[in-house]
Amino acid sequence: MIMRAVVGNNVLIDYLICREPHFEKAALLMELGYLKELELWIGTSQITDLIYVITDGGRASESEYAKKVMRSLKKMVRIYATDDEDYDAVASSSWDDIEDAFVHQTALKVHADAIITRDECGFRLSTVKAFDCDELFSYLEEEKGFVYESVAL
């Protein structure tokens, strides 16, 4: 069975803007999503945050680039449509970070095995296990016997 994971915004941003020193592991994660080795998810609540970051604060001059990124990202992740129930759950939650609360809500709705983030502390209330990329790859190697490395094409 393929592992299902929700990808946090910090990991997505590491990948999208090639943010070092985290880009390499984030890129490997996204490659595995593209190859369907992992089932990666994001929620619609995350998309506007990502667009804001990659367009340098929402600059209209960057909209074509943002659309290109969106089309590319769709090849690697599935999109969960955040709904009224999710909104209400987050609004009544005890989470301090609303963005993390929405990521957690997405994880619950898609029945994720994990949340992949660099902000594990932000998910201390999560009922879904949070990993950073290094921990995820260690887990996959130790528990499943899978070793993943990027391959230059």
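Biologist: Does tyrosine 52 count as buried or exposed?

Modeller: This is a predicted model, where local features need pLDDT of at least 70, side-chain atom pairs count only at pLDDT 80 or more, and totals for chains, interfaces and linings use all residues. Residues are numbered from 1 along each chain as its sequence is written, and side-chain values use heavy atoms, leaving out hydrogens and water. Buried means under 20% relative accessible area, exposed over 50%, and partly exposed in between (1.4 Å probe, protein chains only). Because its relative accessibility is 52%, tyrosine 52 counts as exposed.

Biologist: Which helix holds tyrosine 52?

Modeller: Helices are DSSP runs (H or I, at least four residues), numbered from the N terminus. The run at residues 44-54 contains tyrosine 52, and that helix is α3.

Biologist: How many residues of helix α1 are buried?

Modeller: Helix α1 spans residues 9-16 and is mostly covered. Its buried members are Asn9, Asn10, Val11, Leu12, Ile13, Asp14 and Leu16. Of the eight residues in α1, the buried count is seven.

Biologist: How many disulfides does the structure hold?

Modeller: A disulfide needs a pair of cysteine sulfur atoms within 2.5 Å. For cysteine 18, the closest cysteine sulfur, in cysteine 133, is 14 Å away, so a bond is ruled out. The number of disulfides is zero.

Note on methods: Helix = DSSP H or I, 4+ residues; strand = E, 2+ residues; numbered from the N terminus.
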